[in-house]
Amino acid sequence: MPTTQASSEFSPLSESTPESSPGPSPKRHCLQGPPTFGAIETAAIGGLAARACEKCRASKRKCDKKLPFCDRCKRLNAKCHYVQDISNNVNPQAAQFVIYQSRPLSHDALFRGAEPLEGITASQILSLISMSTGPGLPQVDWRSAINTFFFCIHPWFAVVHPTLFERQVVSLVAMVDSPPRSDTAGSITNGHVEQHPFPTPTSSFAFPTASDWSSKGVALLIVTMYLTTRMRITDAGEHPIFDETYRTVKRLLSSLLLACVGDPNPGIEIVQCGVLLALYEYGHGDAVTAYRTLSQTVVTARVMDIKPGQLAECGNDTVMLSVEEEQSGCLWWAMFILEQFVQREEVVKDLPFLLETPSRNTLLPETPPMTPASLAGPDGTDHPMSPPSITRHLSTSALVGSERFGGFQLSAKTASLFHQAIRVDKERDSRPGKMPLVATYADLDREIRETTLTLLNDNTDWESTLDCFAMLVGALFTLYLPYLAILEHGGSADSVAAVLANSEEMSTAVAALRFACKMSTDISCKLNADYEAAPKSPALLCAPAGATCYQVIVAFASLCRIFPDEMDVCQANIAEKFESLKLFSFRWGIAEKMMSQLEKKIGLDRNHYLKNSLIKPPSYAVCLDFGRR
């Protein structure tokens, strides 16, 4: 009988995807007789299954019995398993018909109970952190992973509210440090729980409490926080990014996001995990997957009524918000900020917005304290909590320079400006001669430039606002880069000079692009010089800043062709930006993707521009040494 060997490798989306399952067949896929894993009979009986699949039976849910997979299992992103009664077989003496599973059902974490995470403990989830450590590197404790997150990611992407998170960690510590209540123990591998038999009727088994479920959600959140802090390249070499740990987290989270639609009290940790995982995917160059993850997360956030606050109609802007309201506002703005990064990518720019445009009365997020009070810093010393957030609530209409902004408030404000620029780009006609007049967004242009100059003049810790500079530069490029493409096809240098003299549109666009390029290059020069002078941790670098370097290099390459007399200056600036991309590639995979695109689309050889670079991959010890900042 012809058979097909099915791979037991785990798919990050589902183990029932076409890549890991046999193709469509008019007949059932089944095993007859004693099953041999990997052998699939490609000829079987068509139609519906004789009874519900095992997942629906265990959950006591209605099953449509479709073959090879029921609709509910497809929706939950789970493997669909059918067992047919011997009494229903044509041959009563034959063995059961079993739809193929790559591993025994008892080893599948998502099938150990009726709901996701029911067969997994918080300790097993946290074990994913130590499992992901590369060869020759020290194991990472989950507590130190929390500290690293609050030091590196939280200042510019405040998804987790430290005050509330500290309360959650207290119950998690009690759960993890307490002895197990049953004979289940082990770790998760590839989404499967290893060495965990089903509890027998005589074994001690306690039904999970609300605290159990909450601790598991917090444990999954900690693992996701850890993912966002991982280094991509050190002096030990390149480390895997979309590895087994990522795939396991992805699968567990996908099931939770889908299952919580019918949950009357879903945990906010699910949304926090979704946002951080989407950031991880975007930061390492997979914008399409990040968009999909974020879209699932936004749906769940709407179910939970996660939204920003609104300025009171009476104009009272000094009313204090509860910490829960602060967390809801921060989480919504984190989704909003991430969506602007994702929408900038070419492969996603034609997809619709997931979140609504903030109004002028939409409140910017309250800036939460930097680190939980009970957590020590990554360097082993205690870091006190930052002062409480300012009591005056600021809306998106507030101007940078006229108000005192908190760190995350500034990120949200620049994201709202970036969003307006992206919306202009989506709505305008891209045909030459059909471009809108620059005057239609002159106010937006002016606010972007004034905000940029204010940050350059008033900000002493420019490294902590790289995300803001990236969004401001990205906004200017989004508005004006199409004009540069038109000018490049204008002909000779004399004709270009004539166009600039006679067209206010073109002259304004070129001036704006030169302004953005100079600002971004000046930051790169300082950044590169700092990292060349002494080894520093790239863990503090934010993902979107690397993507902005790509746009700047594209602009300089066009300016070289339009203005040949500026060739030397443009080439030197391109070299600076390539060096910044190299630095960012140690931390984020999106920088490596940008360099590859520049080589393929524009023909710029990175080796030519990096031949004099002194920046080297840091050691693992330096990556965690934040005292060098």
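This is a dialogue on how to read a few features of a predicted model.

Trainee: Where do we begin? How many helices and strands does the protein have?

Mentor: The protein has 20 helices and eight strands. The model is a predicted one.

Trainee: What share of the 629 residues is buried?

Mentor: Buried residues account for 54% of the 629. The protein exposes about 27100 Å². Carbon and sulfur atoms supply 56% of that area.

Trainee: What share of the contacts joins residues at least 24 apart?

Mentor: Take contacts between residues at least 6 apart in sequence. Of these, 75% join residues at least 24 apart.

Trainee: Now packed helices. How do I describe a pair?

Mentor: Two packed helices are described by the angle between their axes and the distance between those axes.

Trainee: Which residues of α16 and α17 meet?

Mentor: From α16, the list includes Gly 546, Cys 549, Ile 553, Phe 556 and Cys 560. From α17, it includes Met 567, Cys 570, Ile 574, Phe 578 and Phe 584.

Trainee: α16 also packs on α18. At what angle do the axes of α16 and α18 cross?

Mentor: At roughly 20 degrees, and the axes come within 8 Å. The cut-off for roughly parallel is under 35 degrees, so α16 and α18 are roughly parallel to each other. α16 passes α18 in a right-handed crossing. On the α16 side, the contact is made by Ala 543, Gly 546, Ala 547, Tyr 550, Ile 553, Val 554 and Ala 557. On the α18 side, it is made by Ile 590, Met 594, Gln 597, Leu 598, Lys 601 and Ile 602.

Trainee: Let me zoom in on α18. Where is Gln 597, and which residues is Gln 597 in contact with, leaving aside its neighbours within four places in sequence?

Mentor: Gln 597 is in helix α18. With those neighbours left aside, it is in contact with Tyr 550 and Ile 602. Gln 597 and Tyr 550 are 47 residues apart in sequence. Their C-alpha atoms are 8.7 Å apart in space.

Trainee: And Lys 601: buried or exposed?

Mentor: Exposed, with a relative accessible area of 56%. Lys 601 also sits in α18, residues 589-602.

Trainee: What about the α8 and α9 pair? At what angle do α8 and α9 pack?

Mentor: Helix α8, residues 268-283, packs on α9 at about 165 degrees. Their axes are 8 Å apart. α8 and α9 are therefore roughly antiparallel. α8 passes α9 in a left-handed crossing. In α8, the residues that meet α9 include Val 271, Gly 274, Leu 277 and Tyr 282. Their counterparts in α9 include Thr 289, Ala 290, Leu 294 and Thr 297.

Trainee: Next, cysteines. What is a disulfide?

Mentor: A disulfide is a covalent bond between the sulfur atoms of two cysteines. A search of this whole structure finds zero disulfides. Cys 542 is in none; the nearest cysteine sulfur, in Cys 468, is 8.5 Å away. Cys 542 is buried, at 3% relative accessible area.

Trainee: Last, the backbone. What is the general rule for phi?

Mentor: Most residues other than glycine have a negative phi. Lys 60 has a positive value, near 55 degrees, and is not a glycine. Asp 305, also not a glycine, has a positive phi of about 60 degrees.

Trainee: Where do Lys 60 and Asp 305 lie?

Mentor: Lys 60 lies in the loop between α1, residues 54-59, and α2, residues 71-75. Asp 305 lies in the loop between α9, residues 287-303, and α10, residues 323-343.

Trainee: What is the relative accessibility of Lys 60 and of Asp 305?

Mentor: Lys 60 is exposed, with a relative accessible area of 77%. Asp 305 is at 48%, so it counts as partly exposed.

Methods
Residues numbered from 1 in each chain as written. Predicted model: local features only at pLDDT ≥ 70, side-chain atom pairs only at ≥ 80, totals over all residues. Heavy atoms only, no water. Disulfide = S-S within 2.5 Å. Buried < 20%, exposed > 50% of the residue type's maximum accessible area, 1.4 Å probe, protein only. Helix = DSSP H or I, 4+ residues; strand = E, 2+ residues; numbered from the N terminus. Contact = heavy atoms within 4.5 Å. Areas by Shrake-Rupley, 256 points an atom, 1.4 Å probe, with all protein chains shown as cover. Axes fitted to C-alpha atoms, helices over the stretch in contact; angles between N-to-C directions. Parallel < 35°, antiparallel > 145°, perpendicular 65-115°, else oblique. Left-handed = near helix turned anticlockwise from the far one by under 90°.
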